[in-house]
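Colleague: I have a new structure to learn. Can you walk me through its side chains?
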Amino acid sequence: MKNTLYTLLICVLLLTSCSTKEVNPFLIKKDHIGLLTDSTQVKDLEAIFSKDSIVRYIAGDEFVGSVNTIEVFEKGGKKLLDLSPREALDSTSVIASVRVLDERYKTEKNISALSTFKDIKDTYKISKVDNLINVIVVSVNEINASFTIDKKELPASMRFDMDMTIDTIQIPEKAKVKYFMIHW
């Protein structure tokens, strides 16, 4: 009787302690996006995105040294992510950066591709702002992210001067994020 009681008690403890926590496939943190982590290799993508479609472009000239972008689509055709491996054409290479295109992907603080500059500014400490040809890039080191905002969202006086240093107070709060990237 004692052995049966101990066995039952051990079984109950094992069952309650082994409850698995479901990983949110759309949660973005500093070191992972859903099941995709900073140490995920290209060869593991098929298993991670088993319910989605993965498109790999093979460059015609491997000597160019360019990184081949890997696109992830839902089965319905909606584009979710663009993945850039560290080394082109290497299945053991890890993912270096992820371009987030789908609005369902959100950070722990609820920032997504639908966010505005005000949302980012109020939520994270902005590390720097880069002024490029057609966009500005707002970097947030806290989550290894860079948010791209189209210059069409800026006042006309700021759209064409690439040498201008843009300060965060000059960016309209309503400026929408075009897309954002996580860098590992």
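Colleague: Which residues are linked in a network of salt bridges?
Modeller: E74, K78, D102, E103 and R104. A salt bridge here is a side-chain nitrogen of Lys or Arg within 4 Å of a carboxyl oxygen of Asp or Glu. This is a predicted model, where local features need pLDDT of at least 70, side-chain atom pairs count only at pLDDT 80 or more, and totals for chains, interfaces and linings use all residues. Residues are numbered from 1 along each chain as its sequence is written, and side-chain values use heavy atoms, with hydrogens and water left out.

Colleague: How far apart are the closest N and O atoms of K78 and D102?
Modeller: 3.3 Å. K78 lies in the loop between β5 and β6, and D102 in the loop between β7 and β8, so their bridge ties together parts 24 residues apart in sequence. Helices (H or I, at least four residues) and strands (E, at least two) are DSSP runs, numbered from the N terminus.

Colleague: Is D102 buried or exposed?
Modeller: Buried, with a relative accessible area of 0%. K78 is partly exposed, at 35%. Buried means under 20% relative accessible area, exposed means over 50%, and partly exposed is in between (1.4 Å probe, protein chains only).

Colleague: How many salt bridges does the structure hold?
Modeller: There are 14. One of them joins E46 and R56, at 3.9 Å from N to O. E46 is in helix α2 (residues 45–48) and R56 in strand β4 (residues 53–56), 10 residues apart. Both ends are partly exposed: E46 at 45% relative accessibility, R56 at 38%.

Colleague: And what about D122 and K118?
Modeller: They form a salt bridge too, with the closest N and O atoms 2.6 Å apart. Both residues are in helix α3, four residues apart, so about one helical turn separates them. K118 is partly exposed, at 32%.

Colleague: Why do such side chains pair at all?
Modeller: Because opposite charges can pair when the charged atoms come close.

Colleague: New topic. How many aromatic pairs does a search of the whole structure find?
Modeller: Two. One is F26 with Y105, edge-to-face, 4.9 Å centre to centre and 70 degrees between the planes. Rings of Phe, Tyr and Trp (its six-membered ring) pair if their centres lie within 6.5 Å; planes under 30 degrees apart count as stacked, over 60 as edge-to-face and the rest as tilted.

Colleague: Where do F26 and Y105 sit in the chain?
Modeller: F26 is in the loop between α1 (2–17) and β1 (27–29), and Y105 in the loop between β7 (95–100) and β8 (106–107). They are 79 residues apart. Y105 is buried at 3%, while F26 is partly exposed at 22%.

Colleague: Now the core. Which residues touch the most other members of the largest one?
Modeller: L83 and F147, out of 38 residues in the largest nonpolar core. Such a core is a set of buried Ala, Val, Leu, Ile, Met, Phe, Trp, Tyr and Cys residues joined through side-chain atoms within 4.5 Å.

Colleague: What is F147 in contact with?
Modeller: Leaving aside neighbours within four places in sequence, its contacts include I111, I120, V138, Y179 and F180. Contact means heavy atoms within 4.5 Å.

Colleague: Last one. Which strand holds T107?
Modeller: β8. T107 is buried, with a relative accessible area of 3%. Beyond four places in sequence, T107 is in contact with L27, I28, Y124 and I143.
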